[in-house]
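Work through the exercises below with the sequence and the structure open. Each task is followed by a solution in steps.

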Amino acid sequence: MDKILKVLLVVAFIFLLLIVSAYSPNIVQLEFFITIFLLNLGFVIYSKLKKLESEYIKLFLIISALTFSLRYFYWRTLYTLNLDNFFNALGSLSVYFAEVYSFIVFLLGAFIALRVYDRKSIPIDNIPPDKLPTVDIYIPTYDEPLEVIKPTTLAASVMDYPRDKFNIYILDDGGTEQKRFPDLEKVKKEAEEEIIEKYKKIYMKKYKKWDEEKIIQKIKEDKKDEIKAYQEKEVETAKRKGEEAKKRKKMLEDFAAIAGENVHYLTRKRNEHAKAGNINEALKHTNGDIILILDCDHVPTQNFLRETVGFFIKNPKLFLVQTPHKFYNQDPIEKNLRIFRQVPNESEMFYGFIQKGLDFWDASFFCGSAAMLRRKYLEEVGGIAGDTITEDAETALELHARGYHSYYYPKGMVFGLQPETFSAFVVQRSRWAQGMIQIFLLKNPLLKKGLKWYQKLGYLNANVFWFFGLARFTFLIVPLFFIFFNLKIYDATLADVIAYAMPHFFFSLLLSYYLYSKYRWPFFSEVYESLQSLFLLPAIISVILAPRSPTFIVTPKGENIEKDFVTPFYKPIFLLFNITVIGILVGIYKYIHHPDQRGTLTVLGFWMFFNMLYLGIGIIVAHEKPEKRTFHRIPANDEAIVYINNKAYEGTVRDISLTGIWIEVHKDISHLLKDYVWDKKLRFLIKDEYGIMFAVEGQVVNANAHNIRMRFAFANIDQEKKITQLVYASSSRWKLFMQEKAVSPFYSVLFLIKLMLKDFGRAYVEVVKTFYNDLLGIILPKKKKT
């Protein structure tokens, strides 16, 4: 098979050279393109059907796509730019540079994809316990509730590792001395400064000849009552928050005391340098050889340490083992579109493919959680870095530059929460974007001494990706400038587009499908990135103008959404969607009445249709659906025995959470429901990770002939720990979550269209109502003044 592939690839490569050899878009070149495309398509279909992962096929696909893309950009650069006047030039160059950016991302992505490394674990079964390294497990927290922290802590406490070799530390930044005992004088001073700032510009216009000090004094005199009232309000708020911080500290200390002998509580004096500062302070008070960092909502499986510690024993120069972040709840786009576990999660492409590619080049980097770091090397660079707000990637960059190594182990062993609301999602992505751009601007990997050339490209790929907000926003708005203002942004005939743009587009799509279809469905990146771009754009511009200005903002998680509502972030999506729809209608009018523009309008029509599709889906996402569960159900397939009226009934666990369980009973129990099941407390047995049965009690909340749903009734912390172990500890359980399903680009487009048609009407009505109410809120106060 390899010999046949090599011959076909050589022949195909000759065809490629013939295609590139001439500029003219003649019929022969078009035939060559079709031949090469069909040959590549055949390779892709064959490999997918046979589940064949051939490096030859991948290499040829990359070379083919690269060839047609280079050919396209040669033509695009020399023959399509319109620089006739300022506005045409602005529109034309905006699209051109957005395309160039996308091509750079493509090149870097192709480099990463050349080889992916599926690393296997190193067993530690034969290593004596006293020779194993000690591990400190850090669980940093800020304001998350105990219900979020508890599962992570309890699951960590039952890890399969010698008990005297690991300790768990809850690092509480919500109970610091600074928060418990606020400086009330400072609070008063800041309140006064806020009022002064509020009136400063007004007074400066009124008293133009006064100096700043005199103006401030005047404000203090005129607004003394307002200042005093605001100071009193802020002092009361600070006192209340101080009491809450004291209660939080005691609550977490009490929990740590009963969670296990190796569970400890740590806090610090001041909240400095956010998460990085919290971890660095903990380094001073602990002494484990290896640090495992877990976000407080990231629950580890029982085998985590056994699967990862061996890497550190084998490679003394290893500073990092990063593992994937998996999630058991829906992100807001999955939730609002109702596609959870139907479509690969957005993070799958990064953790399922890109990190594997980076690992081959010794460039996989720290992602903040689900990662182990060697203390010795971490302390060598002064702990977790803090010059940027993506302290994780920045730390890895510094350690790679010193010649130390990182591994990426692709087995999912940590499962956490994603942001539940679109606003929280945007907050998280804005921080990631700003942090990665900070690294690019302040610690550019291309200029970083000590990095290998391939590591520089790996980090550059991670940094440059987060400029996508600029490119995506450009692609959303630029077609409208031609439609509404007749700007000539793309000087090409329809024949040129068919000869040059289409091969570039189709090969890029084909390569993307071949490489990523298991991890990201075609066009879903465009949906996520288009919606994010409207909000990342100001964040990107602000960090470019002031690289040191961004501050760390904690991502809200564990939010409880009681009813439908429209996200406060809806306006840009709503307005741009409506403008795009109007643009399509105007384009249809122009197509009918301006035959000379039909070629350009055809291209722009397809362009704007996809923009409308992405933004229309954004309207559905903006209409937030309820999420009332504090603890999410995990699919299960475990054996169970339920005792009803002193008789044992065999069954299967269908799903389970920390608060309840659904058991499907094999025999019909209809005759027992009224007297022995409904509203009763039942005892049942479940098998744990090792196949040993243990007993639990539950209060029945719902039941029928074959199904019983119960709420757990915990007698003590040990039972709760056992259920936590049962729910989260088994790696095999999570395989039910990890469903891989590759689909074609055509199927993916149809799927997106169906999603939009299904829920768009209701969502659009709710968004229009919200927009109308918001508009009234702006207009009515103005009417009152007049």
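## Exercise 1: a glutamine in a loop

Gln302 is found in the loop between strand E5 (299–300) and helix H11 (304–314). The model is a predicted one.

Task: decide whether Gln302 is buried or exposed, and find what the side chain of Gln302 makes a polar contact with.

Solution. 
1. The relative accessible area of Gln302 is 6%. Buried means under 20%, so Gln302 is buried.
2. Look along the chain to Gln725, which is 423 residues apart from Gln302; the two C-alpha atoms are separated by 7.5 Å.
3. The side chains of Gln302 and Gln725 make a polar contact at 3.3 Å.
4. A polar atom of the Gln302 side chain also lies 3.1 Å from the backbone oxygen of Val158.

## Exercise 2: a glutamate in a helix

Task: locate Glu348 and list its contacts, leaving aside neighbours within four places in sequence.

Solution. 
1. Glu348 belongs to helix H13, which covers residues 348–360.
2. With those neighbours left aside, Glu348 is in contact with Lys326, Phe353 and Tyr519.
3. For Lys326, the contact with Glu348 includes a polar one between the two side chains, at 3.1 Å.
4. For Tyr519, the separation from Glu348 is 171 residues in sequence, and 5.2 Å in space from C-alpha to C-alpha.

## Exercise 3: a nonpolar surface patch

Task: name the residues that form a nonpolar patch with Phe484 on the surface, and the elements that give two or more residues to the patch.

Solution. 
1. Phe484 forms the patch together with Phe481, Phe485, Leu575, Ile579 and Ile582.
2. The elements that give two or more residues to this nonpolar patch are H18 and helix H21 (571–593).
3. Taken together, the patch residues have about 540 Å² of accessible area.

Definitions and conventions. Residues numbered from 1 in each chain as written. Predicted model: local features only at pLDDT ≥ 70, side-chain atom pairs only at ≥ 80, totals over all residues. Heavy atoms only, no water. Patch = residues over 30% accessible without salt bridge, like charges linked within 9 Å, V, L, I, M, F, W, Y side chains within 5 Å. Areas by Shrake-Rupley, 256 points an atom, 1.4 Å probe, with all protein chains shown as cover. Salt bridge = Lys/Arg side-chain N within 4 Å of Asp/Glu carboxyl O. Helix = DSSP H or I, 4+ residues; strand = E, 2+ residues; numbered from the N terminus. Buried < 20%, exposed > 50% of the residue type's maximum accessible area, 1.4 Å probe, protein only. Polar contact = N/O pair within 3.5 Å; in protein donor to acceptor, adjacent residues only side chain to side chain. Contact = heavy atoms within 4.5 Å.
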